[in-house]
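Subject: Structure handover

Hello,

The structure is pasted below for your files. My notes on what was found follow it.

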Amino acid sequence: MTVTGNLAAELTRELNTETLFTIPVLGGIPINESTVITWIIMAILVIASILLTRNLKVENPGKVQLLLESGIQWVYDFFDDIYGKQNRGYTPYLMTVLVFLAFSNTFMVLLGFKPPTKDLNVTVALALISLFLIETAGMRRKGIKGYIKHFTEPVAMITPINILEIAIRPMSLCMRLFGNVFGAFVVMELIKLIAPVIIPIPFSMFFDIFDGLLQAYIFVFLTAIFMNNEMED
Amino acid sequence: MISVDINLLFAIINIIVLFLLLRKFLIKPVRNIMEKRDEMIRSGLENARKSQSDAELMKQEYEEKLKNAGDISAGIISDAKKEAEARSKNILDEANAKADNILSSARENAETAKIKAVSEAKEQIADLAAEMARKLVTTSKDSNFDSGEYDRFIRETGDDNDGN
């Protein structure tokens, strides 16, 4: 009993999103762990970007530059295939989300941080931005009139379902991401509590690296597909 | 555990700021470089195509010029041949004329020499006749003028005249 009691207590402690500190204005603004980790990720990514793009050359690029270019080209091609070259303007944002999610789901976890996507705030934030992008993509393509009209297509009867879809799509995005990362985190914590040596390694490979990358991929992939659906005539 | 609070706003701001930063520091520089390279390759190809067509044009020009040069040289050669022929004909004609001149003057000379010789011979014959007549006159006193005496005289005078 004590072992399982300890385990449960340990687990709930790990699962809680801790408030690291409180800014003492307006009656105290709590700053979550995930927000601070996001800041760290931002700092690492920006510094890495500056370091990687220091010596870009048009001719005779180095190995690092070639890797960087082929990676970025791959992402551009990937999104071009989904919503076409004419909508390339959305790609930098989706690339940012891809890099951020891949980095926070895998690298930060391997460094020992809690993934920020384990906090519902972050996934809801990502989903809200996706919602905004999906709907504005449709509005920009079809105009306000066409955008409103498309809710009644293909038949007027499904208009309520179409309207519900506005909320359902980002909800599914956010909950899928949150559920996967949170679930992986819980399983990993349990494994680490029960068998802390060697055994977690293969599980970490799957839950942290494979699942983390997969969720990052799925999130941007689905956002792009939803955008394409909205932009299609 | 599953709750949404003010950190949602922070997360949104963080993501947007991260997007702006990554766009400025990662995506734009790399895309710029890639576009520049694309542009360079495209302009390089364009230049190559242009210089190739230029070279083609030049080649055509040269070929035409070469052909013209062949025509011109053929013209020059045929002119030179004609001139040479004309000149050789001239020279031949001149030489023929000179030869004719020389021949005719030689003939004239020979003629005059002959005439001179004949007139000289005539003179000598006249002298001879005169001599003979004088001798006849001087020897006829004896009236034994014989043919032996005559033959001797002819021989003497002939020997004298052989010196000419």
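Which strand supplies the largest share of the nonpolar patch? Strand β1 of chain A (residues 19-23) does, with three residues. Before the rest, the conventions. This is a predicted model, in which local features need pLDDT of at least 70 and side-chain atom pairs count only at pLDDT 80 or more, while totals for chains, interfaces and linings use all residues. Residues are numbered from 1 along each chain as its sequence is written, chains are lettered from A and ligands numbered from 1 in the order in which they are written, and side-chain values use heavy atoms, with hydrogens and water left out.

Chain A overall

Chain A has seven helices and two strands (DSSP runs numbered from the N terminus: helices are H or I with at least four residues, strands are E with at least two). Along the sequence the order is α-β-β-α-α-α-α-α-α. Its C-alpha atoms fill a box of roughly 65 × 60 × 45 Å along the principal axes. Of the 233 residues in chain A, 46% are buried (buried is under 20% relative accessible area, exposed is over 50%, partly exposed is in between, with a 1.4 Å probe and protein chains only). Among contacts (heavy atoms within 4.5 Å) in chain A with a separation of 6 or more, 68% join residues 24 or more positions apart. Chain A exposes about 12200 Å², and carbon and sulfur atoms supply 71% of that (Shrake-Rupley method with a 1.4 Å probe; for residues, only the protein chains shown count as cover).

The patch

The nonpolar surface patch consists of Leu20(A), Phe21(A), Ile23(A), Val25(A), Leu26(A) and Trp39(A), with about 600 Å² of accessible area together. Patches are made of residues with over 30% relative accessible area and no salt bridge; like charges are joined within 9 Å, and nonpolar side chains (Val, Leu, Ile, Met, Phe, Trp, Tyr) within 5 Å. Val25(A) sits in the loop between β1 and β2 (29-32) of chain A, and Val25(A) is partly exposed at a relative accessible area of 43%.

The core

The largest nonpolar core has 61 residues (a set of buried Ala, Val, Leu, Ile, Met, Phe, Trp, Tyr and Cys residues joined through side-chain atoms within 4.5 Å). Those with the most contacts inside this core are Phe79(A), Tyr83(A), Tyr93(A), Leu101(A), Leu126(A) and Met227(A). At least two core residues come from each of α2 (33-52), α3 (63-83), α4, α5 (120-149), α6 (159-194) and α7 (200-231) of chain A, and from α1 (7-139) of chain B. The most, 12 residues, come from α1(B).

Leu101(A) lies in helix α4 (residues 91-110) of chain A and is buried, at 0% relative accessible area. Beyond its neighbours within four places in sequence, Leu101(A) is in contact with Thr117(A), Leu126(A), Leu177(A), Ala216(A) and Phe219(A). Met227(A), not counting residues up to four places away in sequence, touches Tyr83(A), Tyr90(A), Leu94(A), Leu133(A), Ile134(A) and Ala137(A).

Salt bridges

- Glu135(A) pairs with Arg169(A), closest N and O atoms 3.5 Å apart. Glu135(A) is in helix α5 and Arg169(A) in helix α6 of chain A, so the pair ties together parts 34 residues apart in sequence. Glu135(A) is buried at 8% relative accessibility, and Arg169(A) is buried at 7%.
- Lys192(A) pairs with Glu189(A) at 3.8 Å between the closest N and O atoms. Both lie in helix α6 of chain A, three residues apart, about one turn of the helix. Lys192(A) is partly exposed at 42%, whereas Glu189(A) is buried at 10%.
- Glu83(B) pairs with Arg87(B) at 3.2 Å between the closest N and O atoms. Both lie in helix α1 of chain B, four residues apart. Glu83(B) is partly exposed at 49% and Arg87(B) is exposed at 54%.

Glu135(A), Glu165(A), Arg169(A) and Glu230(A) are linked in a network of salt bridges.

Chain B annotation

The unreviewed UniProt entry places a "transmembrane region" at residues 6-27 of chain B (positions are in the numbering used here, feature names are shortened, and annotations may be inferred rather than shown by experiment). In the model this span is 95% helix and 0% strand, and its end C-alpha atoms lie 30 Å apart.

Regards

Conventions
Salt bridge = Lys/Arg side-chain N within 4 Å of Asp/Glu carboxyl O.
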